[in-house]
Amino acid sequence: MLEPKEILLAEPRGFCAGVDRAIEIVERAIQKFGAPIYVRHEIVHNTYVVNDLKAKGAIFIEELSDVPPGATLVFSAHGVSKAVQQEAEARGFSIFDATCPLVTKVHVEVAKLAKEGYEFIMIGHKGHPEVEGTMGQLDHGIHLVEDVEDVARVQPAQTEKLAVVTQTTLSVDDAAEISAAVRARFPNVREPKQQDICYATQNRQDAVKVLSPQVDVVIVVGSPTSSNSNRLRELAAKLGTTAYMVDSADELQGEWFKGRSRVGLTAGASAPEILVQQVIDRIKALGAVSVRTMAGIEETIKFPLPKGLKIDAATGLEIRERTPETGPSAH
Ligand code: SF4
């Protein structure tokens with residue numbers, strides 16, 4: 001019986017700029033204001049990251065009523081609805097917004113076009129916090145479609161001013177198919193100038209497309225709640241390669257590798273590299289002798305931290321903005 005011999009690592013994989021920034025916001029808020037810092041929803045969808053931040057002093061909540069008066073609150077990378085933002089402001093919390101700037105970009109577009117009288121079709125997964133946050137930018141006039149069948153059923157009040165937006169972490173191919181169905185039914189629909197699916201989702205899916213045909217099994221490191229990680233596993237499976245997703249190395253099962261000599265390994269945008277290294281160690285213990293990293297796109301994007309949490313890299317001191325509000329951003 002053959003055992004795993006080689007591990008081929010996808011590139012890029014793991015943390016994106018939005019996840020890096022969100023985690024740093026929580027860590028710096030704890031350093032600056034002391035524990036506990038409250039975080040609405042999992043800051044990013046990864047069990048290891050959430051447990052690590054809990055150990056450092058973060059408390060994760062879903063309901064703002066669970067946050068005591070005067071507390072510091074961080075919004076997760078997925079973004080929040082207007083109602084949540086307004087409630088948090090009304091309760092007087094010090095707020096840091098860790099919404100990924102690429103999600104905020106979609107919120108801004110929705111608000112701008114809504115003012116011009118547009119109605120929206122949102123392509124996304126029902127119940128995902130990013131979808132709730134984006135749809136919650138408006139009181140009405142934004143309709144969710146999850147698949148092509150939904151496109152046939154959706155009933156906007158008018159079709160002259162209709163725009164489409166998407167969740168940032170969808171399958172690029174599925175979203176293209178659903179967008180085509182939207183265009184076919186509503187030929188005047190306005191589409192985003194640059195697609196809403198983010199660079200990190202696109203790059204990780206592109207890497208899996210190159211990786212999958214070269215290996216006998218694909219392992220995706222990611223938590224079950226992570227949309228982009230699920231899409232990576234599905235994509236590898238669609239390409240005909242057996243694929244599994246694991247939250248940690250403990251979940252790997254020896255029989256997945258029996259008779260499979262080349263193992264492809266990737267990680268969702270919220271999965272830290274330490275988990276990838278632990279998975280590599282475990283597969284090595286099962287027999288793999290070499291690890292090779294694929295050639296791939298180098299990601300250099302970095303998003304700035306919010307006001308009040310910026311640190312000068314040279315001095316290690318906090319950067320104070322020349323504005324009246326040097327404290328936590330109210331946004
Ligand atoms: S996956 Fe994309 S949208 Fe989500 S945090 Fe990362 S860069 Fe932002």
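**Domains, contacts and salt bridges**

Good morning. I begin with Arg13, which counts as buried because its relative accessibility is 16%; buried means under 20% relative accessible area, exposed means over 50%, and partly exposed covers what lies in between, with a 1.4 Å probe and protein chains only. The structure is a predicted model, in which local features need pLDDT of at least 70 and side-chain atom pairs count only at pLDDT 80 or more, while totals for chains, interfaces and linings use all residues. Residues are numbered from 1 along each chain as its sequence is written, and side-chain values use heavy atoms, with hydrogens and water left out.

Arg13 forms a salt bridge with Glu11, and the closest N and O atoms of the pair are 3.2 Å apart. By salt bridge I mean a side-chain nitrogen of Lys or Arg within 4 Å of a carboxyl oxygen of Asp or Glu. Glu11, with a relative accessible area of 26%, is partly exposed. A cis peptide bond links Glu11 to Pro12, with omega at about 0 degrees. Pro12 itself belongs to the loop between strand 1 (6–9) and helix 1 (17–33); helices (H or I, at least four residues) and strands (E, at least two) are DSSP runs numbered from the N terminus.

Which residues does Thr266 contact, leaving aside its neighbours within four places in sequence? They are Ala10, Pro12, Arg13, Val208, Ile219, Val220, Val221 and Leu232, where contact means heavy atoms within 4.5 Å. Thr266 sits in strand 11, residues 262–267, and is classed as buried because its relative accessibility is 0%.

Pro36 is in the loop between helix 1 and strand 2 (37–40). The loop between strand 2 and helix 2 (47–56) holds His41, a residue other than glycine whose phi is positive, near 70 degrees. As background, most residues other than glycine have a negative phi, and most peptide bonds are trans. His41 is buried, since its relative accessibility is 15%.

I turn to the domains. The protein is divided into domain 1 (6–15 + 199–293), domain 2 (17–99) and domain 3 (102–185), with bounds that come from an automatic or database domain assignment. Taken over C-alpha atoms, the centres of domain 1 and domain 3 are separated by 30 Å. Their contact draws on 10 residues from domain 1 and 11 residues from domain 3. Between them, these two domains bury about 790 Å², 45% of it on carbon and sulfur atoms; buried area is the accessible area (1.4 Å probe) that two parts lose on being put together, summed over both. On the domain 1 side, Thr201, Ser227 and Arg231 lose the most area to domain 3, together 44% of what that side buries.

How many salt bridges are there between domain 1 and domain 3? The count is 2. Lys238 also pairs with Asp174 in a salt bridge, their closest N and O atoms being 3.0 Å apart. Across the interface of domain 1 and domain 3 there are 7 residue pairs in polar contact, both residues at pLDDT 80 or more. A polar contact is a pair of N or O atoms within 3.5 Å; within protein, one must be able to donate a hydrogen and the other to accept it, and residues adjacent in sequence count only if both atoms are side-chain atoms.

Leu144 and Thr166 are 22 residues apart in sequence, and their C-alpha atoms are 9.4 Å apart. Gln155 and Gly133 are also 22 residues apart along the chain, with 21 Å between C-alpha atoms. Gln155 is exposed, as its relative accessibility is 58%.

Finally, the whole structure contains 14 salt bridges. One of them pairs Glu24 with Arg28, the closest N and O atoms lying 2.9 Å apart. Because they are 4 residues apart in helix 1, Glu24 and Arg28 are separated by about one helical turn. Another joins Glu191 and Arg183, at 2.8 Å between the closest N and O atoms. Salt bridges that share partners also join Glu6, Arg262 and Arg292 into one network. Thank you.
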